[in-house]
Amino acid sequence: IVVEYLLAEFESFKEKAKEPTDGEMRDYYEKYRSLFEVKEEKKLTEHEGEDAEHDRDNAEKKAEPKIRPFDEVKQDIRDKLKLKQAEDIAYEFVKGVDLELGVLLTKSKPEDVPDFSRIAAKFSPIKHDTLAVTADRVSQAEEILGHGSSLADAAFKGMRENEIIGRPIKTTKGFLLYRLNKKLETKHRSPALDDVQEFIKKELA
């Protein structure tokens with residue numbers, strides 16, 4: 001299949017996120033201290049273990065949780081908080097894209113196809129592109145679109161050509177909207193992506 005997609009990538013919206021304050025980062029650190037635990041193993045001595053084990057040879061190792069210092073994890077916390085903000089901004093952004101698509105579909109004839117490139121230009125920095133996907137290489141496509149795209153279930157098991165996925169999908173990369181551009185017929189096996197690139201270019205020209 002060939003899919004045409006719009007992707008609101010989380011990374012693209014990080015620059016729109018506010019810089020977390022020191023207080024916000026410390027609040028996160030205190031709330032999620034367990035995320036910063038480092039387990040250290042301490043071997044029990046003969047005297048420490050004899051009450052429980054009575055045998056030095058059978059003394060077990062005891063894990064002692066240790067929390068990494070705030071300054072050591074501060075940058076990681078900053079990145080997490082900015083990413084969360086970016087996800088929220090991208091969500092509000094893609095709702096506008098989805099609304100625009102809905103208006104275009106309402107006003108257009110059934111055979112008309114919304115112009116994804118115009119939508120992408122209007123809603124910058126949304127990413128717009130086409131992608132050839134074979135049934136046995138969905139995981140490779142999801143390296144671009146993000147995991148959780150539902151491509152395997154939707155595009156290969158029910159979508160019609162030019163049909164748009166019903167709602168934005170949150171993947172590990174961002175919020176995704178796509179339409180099934182074309183189904184490619186295969187007789188014996190799914191073609192390699194390199195085998196269909198020239199065909200795709202001609203079809204989309």
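Is Ala120 buried or exposed, and what is its relative accessible area? Ala120 is buried, with a relative accessible area of 11%, where buried denotes under 20% relative accessible area, exposed over 50%, and partly exposed the range in between, computed with a 1.4 Å probe on protein chains only. The structure is a predicted model, in which local features need pLDDT of at least 70 and side-chain atom pairs count only at pLDDT 80 or more, while totals for chains, interfaces and linings use all residues. Residues are numbered from 1 along each chain as its sequence is written, and side-chain values use heavy atoms, with hydrogens and water left out.

The overall arrangement comes next. The chain contains eight helices and six strands, these elements being DSSP runs numbered from the N terminus (H or I of at least four residues for helices, E of at least two for strands). Along the sequence their order is β-α-α-β-α-β-α-α-β-α-α-β-β-α. Of the 205 residues of the chain, 34% are classed as buried. A contact requires heavy atoms within 4.5 Å. Among contacts between residues at least 6 apart in sequence, 68% join residues at least 24 apart.

Helix α4 spans residues 70-107 and has 38 residues. From its first C-alpha to its last it reaches 55 Å, close to the 56 Å expected at 1.5 Å a residue; the expected span is 1.5 Å times one less than the number of residues. A bend of about 30° occurs in α4 at Asp76, taken as the angle between axes fitted to the seven residues ending there and the seven starting there.

The buried residues of α4 include Phe70, Val73, Ile77, Leu81, Ala86, Ala90, Phe93, Val94, Val97 and Leu101, and also Lys82 and Glu87. An α-helix has 3.6 residues a turn, so residues three or four places apart point the same way. The cover over the buried residues of α4 includes β1 (2-9), α1 (10-13), α2 (22-31), α5 (116-122), β5 (169-170) and β6 (174-182). Lys82, placed in helix α4, has a relative accessible area of 12% and is therefore buried. Beyond its neighbours within four places in sequence, Lys82 is in contact with Lys14, Ala17, Lys18, Glu19 and Pro20.

Two packed helices are described by the angle between their axes and the distance between the axes. The axes of α2 and α4 come within 9 Å and cross at roughly 100°. Axes here are lines fitted to C-alpha atoms, for helices over the stretch in contact, and angles run from 0 to 180 degrees between N-to-C directions. The two helices, α2 and α4, are therefore roughly perpendicular to each other, since angles under 35 degrees count as roughly parallel, over 145 as roughly antiparallel, 65 to 115 as roughly perpendicular and the rest as oblique. On the α2 side, Asp22, Glu24, Met25, Arg26, Tyr28 and Tyr29 meet Phe70, Val73, Lys74, Ile77, Arg78, Lys80 and Leu81 of α4. By class, this contact of α2 with α4 has seven nonpolar, no polar and six charged residues; Ala, Val, Leu, Ile, Met, Phe, Trp, Tyr, Cys and Pro count as nonpolar, Asp, Glu, Lys and Arg as charged, and the others, Gly among them, as polar.

Attention now returns to Ala120, which is found in helix α5. The C-alpha atoms of Ala120 and Leu7 are separated by 9.1 Å, although these residues are 113 apart along the chain. Leaving aside neighbours within four places in sequence, Ala120 contacts Leu6, Ile126 and His128. In the loop between α5 and β4 (127-132) lies Pro125, joined to Ser124 by a cis peptide bond with omega of about 15°.

Two further residues complete the account. Met159, in the loop between α7 and β5, is buried, with a relative accessible area of 4%. Met159 touches Ala154, Ile164, Ile165, Tyr178, Arg179, Leu180 and Lys183, not counting residues up to four places away in sequence. Ala152, in helix α7 (residues 151-154), is partly exposed, with a relative accessible area of 34%.
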